[in-house]
Amino acid sequence: MQRQDAPAPAIDYTRVFTQAIDRLHAEGRYRVFIDILRNKGMFPNARCFAGHNGPKPITVWCSNDYLAMGQHPKVIAAMEEALHDVGAGSGGTRNIGGNTHYHIDLERELADLHGKENALLFTSGYVSNEATLATLAKVMPGCIIYSDELNHASMIAGIRNSGCEKRVWRHNDVAHLEELLAADDPSVPKLIAFESVYSMDADIAPIAEICDLADKYNALTYLDEVHAVGMYGPRGGGISDREGLADRLTIIEGTLGKAFGVMGGYIAADQVIIDVIRSYAPGFIFTTSLSPVLVAGALASVRHLKASSEEREGQQAAAATLKQLMADAGLPVLPSTTHIVPLMVGDPVKAKKISDILLAEYGVYVQPINYPTVPRGTERLRFTPGPSHTEAMMRELVDALGEIWGRLELRKAA
């Protein structure tokens, strides 16, 4: 008589998921999203709904709306006008719903901003990176992508999804990049992918030297300017605009959700490259396009920042002041020449504790930055002071941080 195999034990799926969350708690990496509303026209003031005693007034110190353009009267007015003109949604993908004229106008403005023939809108900066990098490599058989080791997760996802070979070069190390380029077959397609401003370490890529290597080894270049567009250059075209290098870059990618204050992502390049991505990228073809209301707001923001440097200058002044105040107080602020102010902690639990105390006791909101966003042991608080943050706010913040550093017996700067 044949013995039947015993049935496999049932899988306790709830236990599997609970253990995954428990691991994050144990490592101090469990993310808590604040329940918040910004106060229109009063940035960086906001209301926090955490707790049970109604909304609490807070000051926001970590927004990526770097220039407070999400509160700008021109942006709000443009969005209200579009809402009453065409309604709320886009109607579907651009293939099905069509191009609203707002999309066409914005793509023209973005192409002009970067000195390129055309541009293409996506629903976010993440999607524009992932879709473009994955598609580029697939239409170039044998392509090798050379990626800076600190590239954003969206770029890494695009490179991975392309299925092509990749080489990871040490951060901003052009000598290492050249070693990798020189070691590969000169006849295969090559693409160098990097960022201009790295948002966690607040440093800047050596764009000119990378372009020199691209010329020498016949490689294309892909520059992520998401933390620089609107922020640098005479018209807000980013670091490549400031340094007069946009014409040397094959593709420039940016976002509409940071300095421009709204939502969306884009690439700017030659017409044929834009047509290839438009025609082949699933992340563009098969997703509902941005609402015309959002596009109208972004269009107003881009046009304003092309003509106005006031917001950029105010933001840079605020960042410089906060860095100096932190340094004078002996706080371990990471030196940088950009608008981002990283305050090093080096421990995920302590970073979360500092953030919690700031919010609960001082009405200050800054999110801790932990692994995998940054390497283990480099956990930090990331401040993004803007043109609306006053010196009085900064002094209050630094005083609070000094008290907490002493309370928690944290190490100060040497």
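**Chatting through pockets, cavities and salt bridges**

Me: How do the residues lining the second largest pocket divide into nonpolar, polar and charged?

Reply: The lining of the second largest pocket has six nonpolar residues, four polar ones and four charged ones. Keep in mind that this is a predicted model.

Me: Got it. What volume does that second largest pocket have?

Reply: The volume of the second largest pocket is about 240 Å³. It has 14 lining residues, and those closest to the centre are R94, N99, L120, R278 and F284.

Me: Which element gives the largest share of that lining?

Reply: Helix 10 does, with four residues in the lining of the second largest pocket. The elements supplying at least two residues each are helix 3 (94-97), helix 4 (101-114), strand 4 (118-122), helix 10 (271-280) and helix 11 (282-285).

Me: Okay, on to cavities. How many are there of 30 Å³ or more?

Reply: The count is two cavities of 30 Å³ or more. The largest cavity has a volume of about 90 Å³, and the second largest cavity has about 30 Å³.

Me: Which residues line the largest cavity?

Reply: The largest cavity is lined by R94, H103, L121, F122, T123, G283, F284, T287, T288, S289 and L290. Strand 4 and helix 11 are the elements that give two or more residues to this lining. By type, the lining of the largest cavity has four nonpolar residues, six polar and one charged.

Me: And which residues line the second largest cavity?

Reply: F43, V60, W61, C62, S63, D65, Y66, T384 and H389 line the second largest cavity. Here the lining divides into five nonpolar, three polar and one charged.

Me: Is A202 buried or exposed?

Reply: A202 is buried, because its relative accessible area is 2% and the cut-off for buried is under 20%. A68 is buried too, at 10%.

Me: New topic: how many salt bridges does the structure hold?

Reply: The structure holds 22 salt bridges. One of them is between the side chains of K306 and E109, at 2.6 Å from N to O. K306 is in helix 12 (residues 292-307) and E109 is in helix 4, so this pair ties together parts that are 197 residues apart in sequence.

Me: Is K306 buried or exposed?

Reply: K306 counts as buried, at 13% relative accessibility.

Me: Which residues are linked with K306 in a network of salt bridges?

Reply: The network links E109, D112, R235, R303 and K306.

Me: What about E178, which residue does it form a salt bridge with?

Reply: E178 forms a salt bridge with K216, and the closest N and O atoms are 2.6 Å apart. E178 lies in helix 7 (residues 174-183) and K216 in helix 8, so the pair ties together parts that are 38 residues apart in sequence. E178 is partly exposed, with a relative accessible area of 24%, while K216 is exposed, at 58%.

Me: Last one, about the surface. Which residues make the nonpolar patch?

Reply: I11, Y13, V16 and F17 make a nonpolar surface patch of about 460 Å². F17 is in helix 1 (residues 13-26), and F17 is exposed, with a relative accessible area of 56%.

Methods: Residues are numbered from 1 along each chain as its sequence is written. This is a predicted model: local features need pLDDT of at least 70, side-chain atom pairs count only at pLDDT 80 or more; totals for chains, interfaces and linings use all residues. Side-chain values use heavy atoms; hydrogens and water are left out. Patches are made of residues with over 30% relative accessible area and no salt bridge: like charges are joined within 9 Å, nonpolar side chains (Val, Leu, Ile, Met, Phe, Trp, Tyr) within 5 Å. Accessible areas come from the Shrake-Rupley method with a 1.4 Å probe; for residues, only the protein chains shown count as cover. A salt bridge is a side-chain nitrogen of Lys or Arg within 4 Å of a carboxyl oxygen of Asp or Glu. Buried means under 20% relative accessible area, exposed over 50%, partly exposed in between (1.4 Å probe, protein chains only). On a 1 Å grid over the protein atoms alone, a cavity is a set of points where a 1.4 Å probe fits but cannot get out, and a pocket is an open set with protein on both sides within 12 Å along at least five of seven lines; lining residues have an atom within 4 Å of a point. Grid points are joined across faces, edges and corners, and a volume is the space filled by probe spheres set on the points. Ala, Val, Leu, Ile, Met, Phe, Trp, Tyr, Cys and Pro count as nonpolar, Asp, Glu, Lys and Arg as charged, and the others, Gly among them, as polar.
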